[in-house]
Amino acid sequence: MLGKTHFFVGIAAALAIQQPRTFPVLVAGTGAAAIGGVIPDIDSSSSEAHRGADKAILVSVLAALAVIVADRVFHAGIYEKIRSDSSIVRVVIGIALFLAVCVFGRKQPHRAFMHSFAALLLLTACISIILPAAAPYFATAFGSHMFIDLLNYKGEQLFWPWRRRFCLHMCESDGIINKALMEVGIVGMILLLVMSAPARNALGAALTHLPG
């Protein structure tokens with residue numbers, strides 16, 4: 001499927017399954033899900049895949065920046081949560097390992113290592129080192145990427161390094177099913193964000209402060 005589809009479906013799946021209870025976890029989890037949803041496509045073996053890889057990297061960077069901005073502007077408490085859950089040394093080690101895995105994955109054939117359970121486990125472990133609360137969101141979005149790509153004609157090496165590829169041969173990556181999944185992902189993401197516990201709590205607090 002296309003990167004936009006993975007982005008929205010990944011976030012929607014993570015929010016639906018993980019059910020964030022606090023605003024810091026909502027922001028950090030959404031950011032981690034955005035990265036997890038697109039990062040598998042940094043692998044590349046053709047000019048088209050290279051373009052997809054560049055988009056995946058761009059989305060990942062923008063998602064990380066969005067979390068930082070939200071933390072600074074809206075005082076989301078992400079920095080405080082990272083500081084309380086992880087030391088600076090752990091954060092540096094986690095980021096370094098995450099980048100190392102991605103560099104390795106980028107050099108592999110498309111839908112090989114970066115579309116495997118091995119990559120899922122390794123990258124989730126890296127996120128867990130940085131911010132444990134965000135790891136389940138990243139893993140869920142990454143898993144959703146692998147799952148919906150199974151619908152395509154091009155297989156995935158789910159059990160890398162085993163070379164056998166798996167797919168269901170149901171659709172092209174840019175066809176009508178891709179479009180339908182993207183639309184469902186967009187609607188689902190919006191509804192889940194609006195109906196999340198932090199959003200409901202914020203609305204309730206705002207209503208209690210209304211005059212009269």
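**View A. Helix H1 meets helix H8.** Lys4, Thr5, Phe8, Val9, Ile11, Ala12, Leu15 and Ala16 of H1 touch Asn178, Leu181, Met182, Gly185, Ile186, Gly188, Met189, Leu192 and Leu193 of H8. Contact here means heavy atoms within 4.5 Å. Helices (H or I, at least four residues) are DSSP runs, numbered from the N terminus. The residues of this contact divide into 12 nonpolar, four polar and one charged. Ala, Val, Leu, Ile, Met, Phe, Trp, Tyr, Cys and Pro count as nonpolar; Asp, Glu, Lys and Arg count as charged; the others, Gly among them, count as polar.

This is a predicted model: local features need pLDDT of at least 70, side-chain atom pairs count only at pLDDT 80 or more, and totals for chains, interfaces and linings use all residues. Residues are numbered from 1 along each chain as its sequence is written, and side-chain values use heavy atoms, with hydrogens and water left out.

**View B. The crossing of H1 and H8.** H1 and H8 pack at an angle of about 40 degrees, and their axes are 8 Å apart. H1 is therefore oblique to H8. Axes are lines fitted to C-alpha atoms, for helices over the stretch in contact, and angles run from 0 to 180 degrees between N-to-C directions. Angles under 35 degrees count as roughly parallel, over 145 as roughly antiparallel, 65 to 115 as roughly perpendicular, and the rest as oblique. The crossing is left-handed. That term applies if the near helix is turned anticlockwise from the far one by less than a right angle; clockwise gives right-handed.

View C. Leu15 lies in helix H1. Leu15 is buried, with a relative accessible area of 3%. Buried means under 20% relative accessible area, exposed over 50%, and partly exposed in between (1.4 Å probe, protein chains only). Leaving aside neighbours within four places in sequence, Leu15 contacts Pro20, Leu26, Thr30, Met189, Leu192 and Leu193. Gly188 is 173 residues from Leu15 in sequence, yet their C-alpha atoms are 9.1 Å apart.

**View D. Helix H6 beside helix H7.** H6 (residues 117-130) and H7 (residues 135-149) pack at an angle of about 160 degrees, with axes 9 Å apart. The two are therefore roughly antiparallel. H6 passes H7 in a right-handed crossing. H6 brings Phe117, Ala119, Leu120, Leu123, Thr124, Ile127 and Ser128 to the contact, and H7 brings Ala135, Phe138, Ala139, Phe142, Gly143 and Met146. These residues divide into 10 nonpolar, three polar and no charged.

**View E. Helix H7 within the structure.** H7 has 15 residues and reaches 21 Å from its first C-alpha to its last, close to the 21 Å expected at 1.5 Å a residue. The expected span is 1.5 Å times one less than the number of residues. Of the 15 residues of H7, 11 are buried, so H7 is largely enclosed by the rest of the structure. Among them are Tyr137, Phe142, His145 and Asp149. The buried residues of H7 pack against H1 (3-18), H2, H5 (88-106), H6 and H8 (176-194).

**View F. Helix H2.** H2 (residues 23-38) has 16 residues and reaches 23 Å from first C-alpha to last, close to the 22 Å expected at 1.5 Å a residue. In H2, 14 of the 16 residues are buried, so this helix is largely enclosed by the rest of the structure.

**View G. Phe104 in helix H5.** Phe104 is found in H5. Phe104 is partly exposed, with a relative accessible area of 36%. Not counting residues up to four places away in sequence, Phe104 touches Phe113 and Trp160. Phe104 and Met114 are 10 residues apart in sequence and 9.0 Å apart in space, C-alpha to C-alpha.
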